[in-house]
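The following paragraphs walk through a protein structure piece by piece. Please keep the sequence and the model in view while reading.

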Amino acid sequence: MLDILIKNGRVIDGTGNPWLHSDVAVMGDKIVQVRPHINEEARCLIDAQGLVVAPGFIDTHTHSDLRVFKHPEEDAKLMQGITTALIGQDGLSVAPLDEVNKEPMMMRVSGLLGNYLEKWPWNSMAEYLAALEKLPPATNTMMLVPHGAIRAMVVGWESRSATPVELERMKQLLAEAMEEGGCGFSTGLIYPPGIYADRVELVELCRVTADNGGFFVVHMRNESNLVLESMQEVIEICLEAGCPLHISHLKIAGKANWGKATQALGRLEEARVKGLDVSFDQYPYVAGSTMLDAVIPPRFHTGGTAALLEKLKDPAIREEIRQVHEKIKPESWENWVESCGWDGIMVNAVKSETNRFAEGKSIAAIAKELGKTPLDAVCDLLIDEENSVTMTLFYGCEEDVKEIMQSEYMTLCTDGIVGGKPHPRVFGSCARFLGKYVREEKVLSLSQAIRRLTSYPAQRLGLQNRGLIREGMKADISIFNSETIIDMGTFTEPDHYPQGIEYVIVAGQIAVEKGKITSVRAGKVLRRG
């Protein structure tokens, strides 16, 4: 007897091929039959008449590294069809990490990963992944090795190049973490301490990554005025290192740069011609989200987050920052104030009730309400909240989003940072992609979109048994109504599940049934195979 039989659905298998009518049979955690008609008995029969049967969606960029320990049900993922997610992003994560650097890293990532645990009861990558397996979570997880953690342990939090001895130690730590389960190497070149790395360091670490079968995932140094130059930097690093490249959340930020999508995609084509295996992810919105401290120029972060907060108490430092923001004293960095304006930067989440009023409001509005300058409002918030503040940045235009989305090298992501009034991408990215951009605006076909959500990210992650509706593949399956699927969250009211997801199956177990989440937690920690 079969465990699950899915009948009467339109199967979109993940390859990019058009849909076909087929039944799908599941036994244990595998797909065992894909046939036009399957008439065997099954313990569970799902009538998918009028629905699409697709592989489970893969989120190639998310930040649930800590939230999963408080919310292992992973509702924000499951309810939009996600069955596998990639964490350890932007070079800022929780393992490997020694005891000395745990507290500094806790403060550094509090805005990005949240304050879900008082203590991190692990040090190595192996110990962290074992803690995940013990839960277990409701979705599958893969993890990147974070550059920032490795650099903090060896070089510290200062703005300087690594010595040859330090670089060798970083290479050793990276190799160990990959042997223990890391599938790639991530960095964030706008975030301390990763921002302080030079080309030599990045090339050498990418060589180790490639030698261990991984790929380099990078938040580039600039996504606005210097986006093309930043792309060229990471392309050349990976060409020299012989390492596959995956660019995080490719975008064109700042009105002065709108329209550069064509040039950006051209850089990727040129890199492919030169032999570089390059891909990227994208969330389907014209606004992004990150830590509020990213509006402070990099040099003020030297010494770590505690040192930064002390500096922000000094009026003279604030004046220096203002002059950088306003280009009175220009510096080369990702100036989000220039790209978005204070009215285009909105606070998502704080950790204290005292400042809860700020959530969902722009910095300009908060400053006006408090009778402060925007910069003083930002500095005071960061100090009060011990850096645990996230923001949404309104930077882009729809034309660039759509053009980037059409690239065959694109995978979809949520870049999900949960807390307060988060960016609506946390709950809605997949549904918005399939509803707004596929059904309503016809930016690309449904089968092309499903490929970007399934088999292509599986290929990038080295997953040989997921991402396709095929006999012998793991039974990670999303079943949805292509005529109704749509995101429901807004920037002011983001915490809404999307419409249209009817069933989600993880490892042969039903995690979402008739649009409702179940208590099943069948997720696995996946290692590159």
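This is a predicted model: local features need pLDDT of at least 70, side-chain atom pairs count only at pLDDT 80 or more; totals for chains, interfaces and linings use all residues.

Strand β13 (residues 278–282) runs parallel to β17, and 3 bridges join the two. Strands here are DSSP runs of type E with at least two residues, helices are runs of H or I with at least four residues, and both are numbered from the N terminus. Two strands count as paired if DSSP finds at least two bridges between them.

Residues are numbered from 1 along each chain as its sequence is written, and side-chain values use heavy atoms, with hydrogens and water left out.

The pair belongs to an open sheet of 6 strands with parallel pairing, in the order β9-β10-β11-β12-β13-β17. Strands β9 and β17 (410–412) each have a single partner strand, so they stand at the edges and one side of each has no neighbour in the sheet.

At the other end of that order, strand β9 (residues 145–146) pairs with β10 in the parallel sense over 2 bridges. Here Pro 146 has Ser 186 of β10 as its bridge partner. Strand β10 (residues 185–188) is covered on both faces: Phe 185 and Thr 187 on one side, and Ser 186 and Gly 188 on the other, are all buried. Buried means under 20% relative accessible area, exposed means over 50%, and partly exposed lies in between, with a 1.4 Å probe and protein chains only.

Strand β10 also runs parallel to β11 (residues 216–219), joined by 4 bridges. Phe 185 stands opposite Phe 216 in β11. Helix α7 (residues 199–211) makes a right-handed β-α-β unit together with β10 and β11. Right-handed means that, with the strands pointing away from the viewer, the path from the first strand over the helix to the second runs clockwise.

Strand β5 (residues 52–55) and β18 run antiparallel and are joined by 4 bridges, while β18 and β19 pair in the antiparallel sense, over 4 bridges.

The loop between β18 (477–480) and β19 (501–506) contains Asp 487. Is Asp 487 buried or exposed? Asp 487 has a relative accessible area of 12%, so it is buried. Its side chain makes a polar contact with the side chain of Arg 432 at 3.4 Å. Such a contact is a pair of N or O atoms within 3.5 Å; within protein, one must be able to donate a hydrogen and the other to accept it, and residues adjacent in sequence count only if both atoms are side-chain atoms. Leaving aside residues up to four places away in sequence, Asp 487 touches Tyr 285, Gly 428, Ala 431, Arg 432 and Pro 498, where contact means heavy atoms within 4.5 Å.

Taken whole, the protein has 18 helices and 21 strands. Of its 529 residues, 64% count as buried. The C-alpha trace spans about 75 × 50 × 45 Å along its principal axes.
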